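These are my notes from a reading of one protein structure. I wrote them in the order in which I looked things up.

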Amino acid sequence: VVAVLLMGLLLISYVSDVYRGKTQWIYIENKYTDAELCDSLKQKLGDDFGLKIYRLWSLKGGSVQGSCGAYKVESGMSAWNLCDDIVEGRQTPVLVTFNNVRTMEQLAKRISKQMLFDDKAFLEACDSVLQAEGFAPEEYPAAFFPDTYEFYWNASSQEVIKKLLKYYRKYWNEERVSKAKSLGLTPIQVSTIASIVEEETNKTDERPKVARLYLNRIEKGMRLQADPTLKFAIGDFSIRRLLN
């Protein structure tokens with residue numbers, strides 16, 4: 001009876017305990033061993049509270065595969081509720097932001113830095129997903145609109161690309177496609193010109209004029225003669241002045 005009472009009191013202390021530290025993110029990889037998970041929890045949440053979470057997780061029959069993901073832990077969160085989230089795999093979505101990227105390699109590194117997969121997996125997924133959607137390799141950048149998106153941290157690279165393509169299709173609705181056609185351009189060509197204009201000037205109010213300049217040249221069958229395209233071809237974006 002005494003032993004049962006002691007165990008009951010111990011369990012109550014576990015259940016009623018709350019996290020009192022600074023906001024933390026817990027990242028659980030599917031390759032973790034139980035010991036590595038325990039160490040990660042203690043490192044992020046402190047030895048005492050982290051160990052309580054691990055023991056509760058074990059008592060509830062948690063598995064690393066089922067718990068793989070990212071979880072935001074805020075002050076005042078109870079050990080019981082946090083453990084429930086981890087056992088059930090109820091993740092906190094992570095915000096993935098990318099802008100000011102000029103190459104697919106830069107994009108892959110920026111996105112993968114915020115996700116479980118690596119940059120190589122992202123580039124390989126581009127080949128399998130985007131080509132199936134009709135994008136040629138040189139057109140890949142047009143499929144991604146710089147912004148902030150929500151994903152689950154352990155989402156696959158294919159899932160991320162497919163979700164980003166939904167935003168692409170949503171943007172290029174019938175009205176915008178019609179506007180592009182009126183200029184004699186495809187959506188991908190519009191994105192390409194926009195990227196050149198953005199690199200040409202940092203002044204937002206100048207961009208419509210610069211864009212009009214390039215559109216006039218296209219309509220007349222002229223070369224663009226755009227400095228940013230040379231910087232892109234060379235691969236050196238630190239160049240500030242082109243003379244030749």
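This is a predicted model: local features need pLDDT of at least 70, side-chain atom pairs count only at pLDDT 80 or more; totals for chains, interfaces and linings use all residues.

Residues are numbered from 1 along each chain as its sequence is written, and side-chain values use heavy atoms, with hydrogens and water left out.

**Entry: Phe49**

I started with Phe49, which lies in helix α3. Helices here are DSSP runs of H or I with at least four residues, strands are runs of E with at least two, and both are numbered from the N terminus. Is Phe49 buried or exposed? Phe49 counts as buried because its relative accessibility is 6%. I then listed its contacts, where contact means heavy atoms within 4.5 Å. Not counting residues up to four places away in sequence, Phe49 touches Asp17, Val18, Tyr19, Met77, Ala79 and Leu82. I also looked up Arg20, which is 29 residues from Phe49 in sequence and 9.2 Å from it in space, C-alpha to C-alpha.

**Entry: helices α2 and α3**

Two packed helices are described by the angle between their axes and the distance between the axes. I took the axes as lines fitted to C-alpha atoms, for helices over the stretch in contact, with angles from 0 to 180 degrees between N-to-C directions. Helix α2 covers residues 34–45 and helix α3 covers residues 47–59; their axes come within 6 Å and cross at roughly 145°. From α2, the contact is made by Asp34, Leu37, Cys38, Leu41, Lys42 and Leu45. From α3, the residues are Asp47, Phe49, Gly50, Leu51, Ile53, Tyr54 and Trp57. I sorted the residues of this contact into nine nonpolar, one polar and three charged. In this sorting, Ala, Val, Leu, Ile, Met, Phe, Trp, Tyr, Cys and Pro count as nonpolar, Asp, Glu, Lys and Arg as charged, and the others, Gly among them, as polar.

**Entry: two positive phi values**

Most residues other than glycine have a negative phi, and most peptide bonds are trans. I found a positive phi of about 55° at Asn100, which is not a glycine. Asn100 is in the loop between β3 (94–98) and α6 (104–112), and it counts as exposed at 63% relative accessibility. Gln225 also has a positive phi, near 55°. I placed Gln225 in the loop between α11 (207–219) and α12 (227–234), and at 59% relative accessibility Gln225 counts as exposed.

**Entry: Asp147**

I found Asp147 in strand β4, residues 147–151. Asp147 counts as partly exposed, at 44% relative accessibility. Leaving aside neighbours within four places in sequence, Asp147 is in contact with Val96, Thr97 and Phe98. Phe98 is 49 residues from Asp147 along the chain, and their C-alpha atoms are separated by 6.0 Å.

**Entry: Gly21**

I located Gly21 in the loop between α1 (2–16) and β1 (24–28). Gly21 is partly exposed, with a relative accessible area of 29%. I looked up Arg223 as well: it is 202 residues from Gly21 along the chain, and the two C-alpha atoms are separated by 60 Å.

**Entry: the whole protein**

I counted twelve helices and four strands in the protein. The C-alpha atoms fill a box of roughly 95 × 35 × 30 Å, taken along the principal axes. Of the 244 residues, 34% are buried.

Conventions. Buried means under 20% relative accessible area, exposed over 50%, partly exposed in between (1.4 Å probe, protein chains only).
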